[in-house]
Amino acid sequence: MTGLRAATRRGVLAAASAIWLTTAAYADDATLEAGRGYTEQFQKGSFDELWERMSDEMKTALQSPQSLADVHETLAAQVGEETSVLSETSDEQGGLRIYLRTAQHENTETPVITQFALDEEDRIYGFFVRPAQDAAESRFLDYETKADLRLPFEGRWTVVWGGRTPNLNYHAVVSEQRFASDFLIQLDGSTHKGEGLVLEDYHCWDRPILAPARGAVVAAENALPDQPIGEMDPEKPAGNHVVLDLGNDEYLFLAHLKQGSVEVKVGDTVESGQQIGTCGNSGNTSEPHLHVHMQNTPDLTKGEGLPAFFNRYVADGEAVERGEPQQGQVIEPADDD
């Protein structure tokens with residue numbers, strides 16, 4: 001339940017991320033050339049040059065070229081220098097071109113992944129580098145959600161992380177959050193207006209968050225502060241949150257809610273579609289967004305993730321009777337205009 005940009009967890013190094021949108025690989029020479037060049041700049045320590053090619057959103061998230069230097073130093077200490085390139089691919093979706101490089105490094109047998117997201121002018125809208133990870137083992141891969149889940153919001157939201165593989169969904173490497181999703185709102189290709197320096201700039205900030213199904217409130221936190229842009233709270237990763245007991249050992253988590261917005265308390269029963277709070281930036285998060293996942297216990301640190309199939313929604317303009325939101329999709333309830 002880390003945020004959307006710089007984070008270190010269980011050996012994962014991530015340097016920034018506006019939004020990651022990936023599809024099946026295809027070869028695009030221009031994307032490959034640009035990605036190789038930026039990777040070489042990062043590896044050689046040309047952080048100022050790399051910084052100049054970053055979008056305003058990336059600069060806001062990272063704050064300074066020193067953030068790149070810090071990631072480089074940590075990576076060098078953990079895995080050493082690159083020794084060979086195993087593969088390079090390029091993808092495109094949502095107006096961004098994705099460069100993905102898998103390479104071997106001198107101090108580890110685990111391949112290291114470098115990824116850049118670029119616009120049509122090769123400006124950098126996303127970047128991460130981390131050791132490759134496998135998805136967490138799960139005995140629930142064929143599980144069918146028993147609760148009748150609706151989307152936890154109205155209007156059009158973008159799936160930032162969603163899917164069953166680590167490249168689509170970094171949550172997939174953690175057992176409890178194996179099938180989690182993160183959602184936010186994009187307008188004109190950006191998650192915020194202006195420079196995105198304050199929480200109120202973000203399009204999803206303070207938007208109503210709804211109960212996806214009827215259930216009993218078994219946990220609720222409402223008093224934690226919303227993190228200023230550039231700060232995170234790894235000690236309380238869920239931030240302000242609500243956990244619903246949906247029955248049949250299905251517990252649904254809604255996290256990173258706005259301080260003071262949570263309208264329910266432990267012991268309440270909520271109905272599907274009832275407002276339970278608003279979207280915030282509390283906990284271990286780098287910008288306002290909604291985290292949703294389901295597991296078989298109400299304890300965030302003890303349990304196994306369960307697939308959350310939502311019913312009757314629209315994804316990229318196509319009706320979905322029942323499905324799992326996938327990274328890069330723009331989704332909304334089916335009854336929205």
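How much space lies in the second largest cavity? About 90 Å³ of space lies in this cavity.

## Basis of the model

This is a predicted model, in which local features need pLDDT of at least 70 and side-chain atom pairs count only at pLDDT 80 or more, while totals for chains, interfaces and linings use all residues. Residues are numbered from 1 along each chain as its sequence is written, and side-chain values use heavy atoms, with hydrogens and water left out.

## Cavities

The structure holds five cavities of 30 Å³ or more. A cavity is a set of points, on a 1 Å grid over the protein atoms alone, where a 1.4 Å probe fits but cannot get out; lining residues have an atom within 4 Å of a point. Grid points are joined across faces, edges and corners, and a volume is the space filled by probe spheres set on the points.

The second largest cavity is lined by 15 residues, and those nearest its centre are Phe179, Ala180, Ser181, Ala308 and Pro325. Strand 8 and strand 15 are the elements that give two or more residues to this lining. With three residues, strand 15 gives the most. Helices (H or I, at least four residues) and strands (E, at least two) are DSSP runs, numbered from the N terminus.

## Nonpolar cores

A nonpolar core is a set of buried Ala, Val, Leu, Ile, Met, Phe, Trp, Tyr and Cys residues joined through side-chain atoms within 4.5 Å. Buried means under 20% relative accessible area, exposed over 50%, and partly exposed in between (1.4 Å probe, protein chains only). The largest nonpolar core has 40 residues, and Trp157, Ile276 and Leu290 have the most contacts inside it. At least two residues of this core come from each of several strands, including strand 7 (157-161), strand 12 (251-257) and strand 15 (290-295). Strand 7 supplies the largest share, four residues.

Contact means heavy atoms within 4.5 Å. Leaving out residues up to four places away in sequence, Trp157 touches Phe183, Leu290 and Ile331, among others. A second, separate core of 22 residues includes Met54, Leu75, Val79 and Val112.

## Helix 1 and Thr39

Helix 1 (residues 29-44) has 16 residues and reaches 22 Å from its first C-alpha to its last, close to the 22 Å expected at 1.5 Å a residue. The expected span is 1.5 Å times one less than the number of residues. Among the buried residues of helix 1 are Leu32, Tyr38 and Phe42. Seen down the axis, the buried residues of helix 1 fall within an arc of 165°, so they line one face of the helix. The arc is that of the directions from the helix axis to the C-beta atoms. Asp29, Glu33 and Lys44, on the other side of helix 1, are exposed. Gly45 follows helix 1 and has a positive phi, near 85°.

Thr39 lies in helix 1. Why does Thr39 count as buried? Thr39 counts as buried because its relative accessibility is 1%. Apart from neighbours within four places in sequence, Thr39 is in contact with Tyr99, Arg101, Thr114 and Phe116.

## Helix 4

Helix 4 (residues 65-79) has 15 residues. Leu68, Ala69, Val71, Leu75 and Val79 are buried in helix 4. These buried residues fall within an arc of 160° seen down the axis of helix 4, so they line one face of the helix. Glu73 and Ala77 are exposed on the other side of helix 4.

How values were computed:
On a 1 Å grid over the protein atoms alone, a cavity is a set of points where a 1.4 Å probe fits but cannot get out, and a pocket is an open set with protein on both sides within 12 Å along at least five of seven lines; lining residues have an atom within 4 Å of a point.
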